[in-house]
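Please read them next to the coordinates.

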Amino acid sequence: MKKPIFLLLLLVLISLISCKEKVTEPEAVGPVPSQRQLAWQELEYYGFVHFNMNTFTDMEWGEGGESPKNFNPTNLDTRQWAKTAKDAGMKGIILTAKHHDGFCLWPTETTEHSVKNSPWKNGEGDVVKELAEACKEFGLKFGVYLSPWDRNHPEYAREEYVKVFHKQLEELLTNYGPVFEVWFDGANGGTGYYGGANENRKIDDATYYEWDKVTKIVRELQPEAVIFSGGNPDVRWVGNEHGFAAETNWSPFTPGSGNLQNGDDDGTHWIPAEADVSIRPGWYYHAREDHQVKTLPHLLDIYYKSVGRNASLLLNLPVDTRGLVHENDAEQLMKLRKQLDKDFAENLVEDANVVASSEAGSHYSAQKTINGDTKAYWMPQKETIKSNITIEFDELQEVNRFVVQEYIALGQRVKSFTLEGKINGEWKEIASETTIGYKRILRFDPVEVSALRLNITDAKARPLISNIEAYKAPLMMEAPEIVQHKDGLISIESYDKNLELYYTLNAEEPNKDSKRYSEEFLLQDPTRVIAVAYNPGTNSYSEVSNIRLDIPKKNWRVLNENDDAGKIIDADENSVWTKQGKLPQEVIVDLGKTYNLKGFTYLPQQSRWPQGVIADYEFMLSENGKQWKQVSEGEFSNIKNNPIEQLIEFKTTKARYFKFVGKRSADDTEVLGIAEIGVITE
């Protein structure tokens, strides 16, 4: 009899243990994402391709009256686009199938304003089809941008056009395979060609396009596709075109609240943020922006401030007139990919010991946060908000990146948290932040720790943490920036402040035996400054920066102009002065004393919409400001397409004053525009 009793007691004990371990899955908090939104969120980083009529008319917004004959790429290769995106680490591409000018990149039945009437492939081409197939080949998701506004169509703003718009959407979602995102721009109504009417037409964008019907079309034809903008969005605009999400970023959002950047902690709908930004100043290709592709430090900041702040990153590639992603753009994309690969090369927590302040059973243990499965998560005991997870290392680790994710399928919960490091046996705060959401990535100066502790300090309900990672990202070995200020002080800066900087003033290439930069220094005479960044930990050098600096502008004065004109000699290329009026226009500068001059420099405005970029010029010198001698006259070669600093040399002449005359602007406007002007002395 003893054996049956023992077995019975054992079964009772197992049952009691099982009951103790059994924990009901937590209820959702607030709005939650759909399955298509969850799948979209996991993409994190994908490409935008702006390529259309504007590419060939050198515009950002076409007016609608452009001829289809303009569209004629010489070497269109969508496989090159897809391979570039894939190599860059992107997960998909969204194509501007139709922009505001109404030109369609597919042979639509709805209008004659499309590729079917272009010389490209004798009207037999279909860009949408080619890219959809290329994306499939390279394992990328495919998405479409369809502008609701159509500045070409004669029926725009009338009932008949809405049927056309819906039909175009149906074509795009029927004929090209799976679509992961449908992108509707918010620009709607205004001036346009409209079949030759050339007038201003206004609509109520909340009702005119029949958004409920648009949503129905998308849901029926592409049920897995998320909708950006429009009347019933799955995804919201981040609120700027810089690619930066806010430090506090809620995926819950109340339509109409206006809180695009931050979202709403009590939002009524799950509408997460998408950060869209172009790799150049403009969205479409302009040869004049070939030198303005965003740098690696800029692109890296964009990544960390979008993907690292609970947003997805949509990075635009303006395909050029050949029909290719430009070499300059591809180069920077690959630099970003290589740097991110370095930053996240080795996850330091994979073999660490994980301990939580409490756990709601083994199914929700802290170990779930480092097992690589984001569908599993840690959950503290019931009614617990303030809680923590400690990551204990077997040996000291140097850390400067921390990744944390919530299990967002049941809502976004965390309102604030801190990260601490155990340094020399004591806990010290590394960072204090607000929201987490799908993913939060923290960057901080390297710290050597024996443990890390994530403290949840406030949340809507007990937190659900699905993933934790930690890394030691290497220092970024970019060439340092050398800046000459107006007063003659020289500063040298690197992206990572933990690098050592060395420089020379004697034309020799610097190394760690050269003079180390520690503070700004003064230069009064023309000097070539060469600088390099050095990483003592890896005994490696960056590329060098090599620049010839001329006399400082401290005592220079602009004559016969308002105070604003001083912007042209303030040693700041971001400040710009423009002078309105019929060209030619002139500006006179007093250098403060007499120099032997042998040339000058002219930097036009470097913004997205430059004004008064001078094409034809005259340059004159004077010793007394009264008698003038012309020393140079001519054209800045190709400055419209390449508006970089112009350096013009002439025969050495003694002078105290110079006069710059803008005779003709590159865009044929009656404006003289100057970001910065300088001289070259002996």
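1. The model is predicted: local features need pLDDT of at least 70, side-chain atom pairs count only at pLDDT 80 or more, and totals for chains, interfaces and linings use all residues. Residues are numbered from 1 along each chain as its sequence is written, and side-chain values use heavy atoms, without hydrogens and water.

2. Pairing requires at least two DSSP bridges between two strands.

3. Strand 3 (residues 141–146) runs parallel to strand 4 (residues 181–183), joined by two bridges. Opposite Tyr145 is Trp183 in strand 4.

4. Helix 4 (residues 78–87; helices are H or I runs in DSSP of at least four residues) has Thr78, Trp81, Ala82, Thr84 and Ala85 buried, that is, under 20% relative accessible area with a 1.4 Å probe, protein chains only. These buried residues fall within an arc of 160 degrees seen down the axis, so they line one face of helix 4; the arc is taken from the directions from the axis to the C-beta atoms.

5. Trp81 and Phe142 have the most contacts inside the largest nonpolar core, of 77 residues. Such a core is a set of buried Ala, Val, Leu, Ile, Met, Phe, Trp, Tyr and Cys residues joined through side-chain atoms within 4.5 Å. Helix 6 (residues 159–174) gives the largest share, seven residues.

Conventions: Buried means under 20% relative accessible area, exposed over 50%, partly exposed in between (1.4 Å probe, protein chains only).
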